[in-house]
Amino acid sequence: MTTEILRNMLYQSVGISASEGRLFEVDVIVLDEVHYLSDISRGTVWEETVIYCPKEVQLICLSATVANPDELAGWIGQIHGKTELVTSNRRPVPLTWHFSKKFALLPLLDGKGKKMNRKLRMSHVQNISSLKSEYYYVKGKRKLRTNKNEQGSRSSLDISKQVQLSKHEVTNMRRSQVPLIRDTLSQLWESGMLPAIWFIFSRRGCDAAVEYLEDCRLLHDCEASEVELELRRFRMQYPDAIRENAVKGLLRGVAAHHAGCLPLWKSFIEELFQRGLVKVVFATETLAAGINMPARTAVISSLSKRIDAGRQLLTPNNLFQMAGRAGRRGIDTVGHSVLVQSTYEGPEECCDVIFAGLEPLTSQFTASYGMVLNLLAGSKVTHNHKESGDIKAKRSGRTLDEARKLVEQSFGNYVGSNVMVAAKEELERIQKEIQYLSSEITDEFIDRKCREELSEEHYTEISLLQNKLKEEKKIRNELKKRMELERMAAWKTRLKEFESGHLPFICLQYKDKDSVHHTIPAVFIGSLSSFDDQKIVSMLEDDSTGPGRQEVESVDSGEQLHYPSYYVALSSDNGWYLFTEKWIKTVYQTGLPAVPSVEGGPLPRETLKQLLLREDMMWDKIAKSEHGSLLCMDGSLDTWSWSLNVPVLDSLSEDDEVERFSQEHQSAVESHKKQRRKVSQLKKTIRSTKGFREFQKIIDMRNFTKEKIERLEARSRRLTRRIMQIEPTGWKEFLQISKVIQEARVLDVNTQVIYPLGETAAAIRGENELWLAMVLRNKVLLDLKPSQLAAVCGSLVSEGIKLRPWKNSSYVYEPSSVVIGVINYLEEQRNSLLDLQEKHGVKIPCEIDTQFAGMVEAWASGLTWREIMMDSAMDDGDLARLLRRTMDLLAQIPKLPDIDPVLQKNAQIACSVMDRVPLSELAG
């Protein structure tokens, strides 16, 4: 039984005892290969099975590749009941690691199995190479090069001197050590390590390896005759299932096993391999999981495989899963795992992966339409009056709170809660340390420390100077603020002159969070107060420095200087900017002339103001200060041509700059410079005191403590964000899906009443149950013939099926015009569902694709396998997988509630026609 079927049975048993549910008389459920819980596509189903399983039913979970069994056992114990963890490191057949190079097969590990064999080290390879270079040949005889001064002796120290190799040299050295398939096969044959499963990470590579070894005979005459006999029987029984290009290699004892082969052919290869009639099977990594096909040796051709983004290193779990195929219980005394030298990896990388340890199981739990509907569904809209009261009681739906308790029992939430506890404990510890360290940088603490470390005379002298320095720094800061305010006041006065007439060019400036200085060339439009519309003003109401919100006063007399005002400009990169006088660097005399683009039209300033008011006012704050913020917003296509007329800053002359310095500003600048010199002189006086060295040590320690506090505060902020991000796994998606089914009238979340569409979706097995239900309930399918219905169903389940570019032809059957019309009609409904999903943040795919619908229609119409696959661009295994998926969906239709009987009958007919050799499950 598959885990999916078991999960669907358990949906009806949630919250009731096993004797009352569908697991009557079931005492034990065995979940073999429970590490599938980490599988992206199937992990949710495995977790649901554990969560929904009645507590009276015993669970036995088995796996050889779980790095965190204590967490898994703790989770099962928490949600299911008392759980005992049984672990064992003993392997029924011990496993040894080997490494294949061009000229030798060597042990990968040392005698203790704790580190790499020293003969495989790069330094050892260098020594061998250098020793070889010491020989020369005379008349075909090898002679040793000797130095006369060394008297025929050679120091071992000289041999061990190694030169650091470049990456290119290491690659070349590795390339020279890469063995051919024949080389490694010869090593296995001579060492008595056959039969072997040889993992190559591509279908094409597996087939090429078989063709490459067609001339290598691995079978005795009797074995070859037996294979020939079995092949003849198989051909007579399943003529269409024969893989003709693999027959020659099979008669020599080699075969390929991958997803591109028909299931019947793969079963045939497995049977011959188990009988010892196939010595080497070249397989992709999919064979490492779920198939009982052990061998004496497992060969891993490469430690990495090619993906779209480059090459990806195998995880320890992947490696051990493949290596675990080595060693046949009751036949072999030891299993062999052989890693092969490649251009990309050597023995060092192999050992790194082996010693890295297994990766822990991680939860892949996520909500689906089927999950939400089955957990929430209560009474039906279409009541069945014949149902008993007990059945109706069992059908009472769950509230969101009740569903949440089930969803939050996921493995991810269990691990997350432990992470949450650990994060909170760490955060508490950090905050206590920050509090303690903060007490060591206060003025009182520093003063007490100075009294302890300095003599009374030195302390008094430095203390007086420090107090005076503090007062002078305060005055300096006040003068700096006064200087900035006078600068802003000067700009305010000058900008009033440009509220009418031409539009001057300006330069804005600011520093980002990384203290990088930015300058922005722009054209000045006017002050914010000149806009009659309140739309642009309203977004500044929450800004503390918005218009009229802050009154700035002079330092000395309390005389009011000005309110910071906001202005508008359009930059050369087509961006709108809102800014105060704080952010102005330069204003230029030159600018855009105040001339309308057409006679009698509006002036440029008015045109730009109108264009701004059309925007959505989605402003981003890129800098802020006590004197106002700097805000930015992207312009539109209408403002693009205006922005192109803003010149680059280098083309503007300094002579064009507006004189911005008022007398008050000049005076404030001079006062600030004078005070800075005074502070600097006072610092020199302090450094010249006799007790300064000890005092500086105390100050350095305070600065070091401040830096430590900053690091701890940064760590505290990261932990706080992490804690806020940790939320129940799957519950967010559950709520998002519940909003979709509520709006689509699938189920009323408040009353738990399920509608007919929801009944159908709840009973379907598929990736997007709601989409499948919407299609199957559509009346447009009722007019289709069985073969056409099969084609439409095939278009819903073709995800992951691809054309093979290396095939000789790119031919596939085209679907009929009727099928194409129906699929195009359904595409409109699909777009509506996708829009609804996007509205609520649901990202479940809605598949429909015509590319392979014609192949399904041809098979359902009665064409033979040979006719369909002739010159086809598809692999046999891909087409078989697509047809099996289609048959699975068709087989569900007669069992689904509230489906039209005509559609159910056509689905039965189509499924019956399609279920024939070489696809029939009964075959073989």
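The model is predicted, with a mean pLDDT of 82 over the chain and 85% of the residues reaching 70 or more. The chain has 924 residues, of which 44% count as buried, and holds 33 helices and 24 strands. Among contacts between residues at least 6 apart in sequence, 76% join residues that are at least 24 apart.

**Enclosed helices**

- Helix H12, which spans residues 316–323, has six of its eight residues buried, so it is largely enclosed by the rest of the structure. The buried residues of H12 are Pro-316, Asn-317, Leu-319, Gln-321, Met-322 and Ala-323.
- The buried residues of H14 are Tyr-369, Gly-370, Met-371, Val-372, Leu-373, Asn-374, Leu-375 and Leu-376.

**Helix pairs**

- Two packed helices are described by the angle between their axes and the distance between the axes.
- For helix H9 (residues 221–237) and helix H11 (residues 263–274), the axes come within 12 Å and cross at roughly 155°. Angles over 145 degrees count as roughly antiparallel, and H9 and H11 are therefore roughly antiparallel to each other.
- H9 passes H11 in a right-handed crossing, in which Glu-230, Leu-231 and Phe-234 of H9 meet Leu-264, Trp-265, Phe-268 and Leu-272 of H11. The residues of this contact between H9 and H11 divide into six nonpolar, no polar and one charged.
- For helix H28 (residues 786–796) and helix H32 (residues 876–892), the axes come within 9 Å and cross at roughly 110°. With 65 to 115 degrees counting as roughly perpendicular, that angle makes H28 roughly perpendicular to H32.
- The crossing of H28 and H32 is right-handed, and on the H28 side Leu-789, Ala-790, Cys-793, Gly-794 and Leu-796 meet Leu-882, Thr-886, Leu-889 and Leu-890 on the H32 side. The residues of the contact of H28 with H32 divide into seven nonpolar, two polar and no charged.

**Surroundings of Trp-859**

- Trp-859 is found in helix H30, residues 853–860, and with a relative accessibility of 0% this tryptophan counts as buried.
- Leaving aside neighbours within four places in sequence, Trp-859 is in contact with Thr-864, Trp-865, Ile-868, Leu-883, Val-913, Met-914, Arg-916, Val-917, Pro-918 and Leu-919.

**Backbone features**

- Most residues other than glycine have a negative phi, and most peptide bonds are trans.
- A cis peptide bond joins Leu-194 and Pro-195, with omega about 10°, and Pro-195 is placed in the loop between helix H7 (181–190) and strand E7.
- The peptide bond from Val-917 to Pro-918 is also cis, with omega near 10°, and Pro-918 is placed in the segment after helix H33 (901–914). Both Val-917 and Pro-918 are among the residues in contact with Trp-859.
- Asn-574 has a positive phi of about 60° although it is not a glycine; Asn-574 is found in the loop between strand E18 (567–571) and strand E19 (575–579), and at 14% relative accessibility this asparagine counts as buried.
- Arg-745 has a positive phi of about 55°, again without being a glycine; Arg-745 lies in the loop between helix H25 (731–743) and strand E23 (747–748), and is exposed, with a relative accessible area of 53%.

Conventions
Residues numbered from 1 in each chain as written. Predicted model: local features only at pLDDT ≥ 70, side-chain atom pairs only at ≥ 80, totals over all residues. Heavy atoms only, no water. Axes fitted to C-alpha atoms, helices over the stretch in contact; angles between N-to-C directions. Helix = DSSP H or I, 4+ residues; strand = E, 2+ residues; numbered from the N terminus. Parallel < 35°, antiparallel > 145°, perpendicular 65-115°, else oblique. Left-handed = near helix turned anticlockwise from the far one by under 90°. Contact = heavy atoms within 4.5 Å. Nonpolar A, V, L, I, M, F, W, Y, C, P; charged D, E, K, R; others polar. pLDDT = per-residue confidence, 0-100. Buried < 20%, exposed > 50% of the residue type's maximum accessible area, 1.4 Å probe, protein only.
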